[in-house]
Amino acid sequence: MATINPNYDKLAAGYLFPEVARRVGVFAEKHPGAKILRLGIGDTTEPLTPAVVAGLHAGVDRLASRESYTGYGDYEGDPPMREALARIYAQRGVELGLDEIFVSDGAKPDSGNIQSIFAADNVVAVQDPAYPVYVDTNVIAGRAGRFDPVTQQYDRIVYMPCTAQNGFFPELPTQHVDIVYLCSPNNPTGAVATKEQLSGFVRYAREHRAVVIFDAAYSAFIRDDALPRSIYEVEGAKQCAIEINSFSKIAGFTGVRLGWAVVPQALEIEDGGAGKLNQLWRRRQSTFFNGASNVVQAGGMAALSEQGLAECQGLIDYYMRNAAIIRTALEELGLDVYGGDNAPYVWMKAPNGMKSWDFFDKLLTEAHVVGTPGAGFGPSGEGYFRLSSFGHRESIEQAVVSIRENLRL
Ligand code: PLP
């Protein structure tokens, strides 16, 4: 008789976005005429750029003749793709070998799968609030322990609060942990770690022989040149950090699917010398994954060309202008607003001490605007709210007008 993986039953109720969708559905049914303005899910909305579209077309065309047809590619990604990624890192002073870069179908799969190369008894620390995938995949793997509905925490996960008091970047753990997930620019808070802040975690990880899993999916949104776009800009990080990134937000590939992970050869852990984790990730990918789509990699290569990079920067600038519009409007209403300057997310304190989901309902009913309740990202997100800048400019502008005119503060 087959039995289930019982860890699935330990997942805390419902994934955040289905609950958002359910509440919006109920509202839409009751108010069929209402124009709902969605600033909730962080999904891109602007079309692919011309260079990328041409690259994708060329990728398809190569499959149309015997001479240029290719089937399975390298598990780690096409070499020219990895070379192009290595060049981008080199521009920030980070030298990577091609055998340290693993092209994938996205940062969500990588950030979820990476835990599988670590032992089941490893202690995991997460920023709180955080992108839910880090905790949920460790729950499924049996690393999280029991969920306490009162504290909204798993008893084996170490939660590192990120609040207004610490500028939404966590203090170092006071106990020993083995794996630390960091995300910068952060989803959901929009906070960006400085080099000094990351250095603290690199020092901690090296002392404890821990591994930092650094999710840099929004690195392209950083405008302040002093802020690190990669954890490897910090001395010693190659010895202790894995980095994950994606074409989703850089090039509008949320539906196209392409990402990459960096697992340095220098990375060391307790029971395996340098190179071991790189070898394990290669083994994991070659067992579970057959390489990123060749057509999509052709599109990705085009995105990394000179023309592609310039066009993608245009997309990023567009979303960052949206972020500025949201941020300014909320500030003018006297709300406490964070993020949105080097990140596509604006994070705000719900007014008058309201809880996140109560503010969600209020914003939806009064202004017909959908955002994301901070509590859905972890207990320290309670009382906060996330607005995403990934919409069309018209919706962002309409949402801002509606908030100004209809939200009763
Ligand atoms: N990592 C973070 C922090 C994210 O917010 C997201 C998407 O919202 C992802 C990863 C997912 O990236 P991808 O589309 O490449 O799977």
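Is Ser248 buried or exposed? Ser248 has 8% relative accessibility, so it counts as buried. Buried means under 20% relative accessible area, exposed means over 50%, and partly exposed lies in between (1.4 Å probe, protein chains only). The views below are of a predicted model, in which local features need pLDDT of at least 70, side-chain atom pairs count only at pLDDT 80 or more, and totals for chains, interfaces and linings use all residues. Residues are numbered from 1 along each chain as its sequence is written, and side-chain values use heavy atoms, with hydrogens and water left out.

**View 1. Ser248 and Arg257.**
Ser248 is found in helix H7 (residues 248-251). Helices (H or I, at least four residues) and strands (E, at least two) are DSSP runs, numbered from the N terminus. Ser248 touches Thr44, Phe253, Thr254, Arg257 and Leu258, not counting residues up to four places away in sequence. Contact means heavy atoms within 4.5 Å. Arg257 lies in the loop between H7 and S10. Its relative accessible area is 30%, so Arg257 is partly exposed. Phi of Arg257 is near 80 degrees, a positive value in a residue other than glycine. Most residues other than glycine have a negative phi.

**View 2. The sheet of 7 strands.**
This open sheet has the order S2-S10-S9-S8-S7-S3-S6, with mixed pairing. Strands S2 (101-104) and S6 (157-161) stand at the edges with a single partner strand each, so one side of each has no neighbour in the sheet. Neighbouring strands are turned by 20 degrees against each other on average, direction ignored. Axes are lines fitted to C-alpha atoms, for helices over the stretch in contact, and angles run from 0 to 180 degrees between N-to-C directions. Two strands pair if DSSP finds at least two bridges between them. S3 (residues 124-128) and S7 (residues 179-183) run parallel, joined by 3 bridges. Here Val124 has Ile179 in S7 as its bridge partner.

S2 and S10 (residues 259-262) run antiparallel and are joined by 4 bridges. Ser104 has Gly259 in S10 as its bridge partner. Both faces of S2 are covered. Ile101 and Val103 are buried on one side, Phe102 and Ser104 on the other.

**View 3. The nonpolar cores.**
A nonpolar core is a set of buried Ala, Val, Leu, Ile, Met, Phe, Trp, Tyr and Cys residues joined through side-chain atoms within 4.5 Å. The largest one has 49 residues, and Leu182, Ile231 and Phe247 have the most contacts inside it. Beyond its neighbours within four places in sequence, Phe247 is in contact with residues including Met81, Leu85, Trp260, Ala303 and Leu304. A second, separate core has 39 residues, among them Val20, Leu37, Ala350 and Phe359.

**View 4. Val202 in helix H6.**
Val202 lies in H6 (residues 195-208). It has 3% relative accessibility and so counts as buried. Leaving aside neighbours within four places in sequence, Val202 is in contact with Ile231, Val234, Glu235, Gly236, Ala237 and Cys240. Val202 and Gln239 are 37 residues apart in sequence, and their C-alpha atoms are 8.7 Å apart in space.

**View 5. The loops on either side of H6.**
The loop between S7 and H6 holds Pro185 and Pro188. The peptide bond from Ser184 to Pro185 is cis, with omega near -5 degrees. The bond from Asn187 to Pro188 is also cis, with omega near 15 degrees. Most peptide bonds are trans. Arg209 sits in the loop between H6 and strand S8 (211-215). Arg209 is not a glycine, yet has a positive phi of about 50 degrees. At 35% relative accessibility, Arg209 counts as partly exposed.

S14 and S15 (residues 384-388) pair over 2 bridges. Thr372 stands opposite Arg386 in S15.
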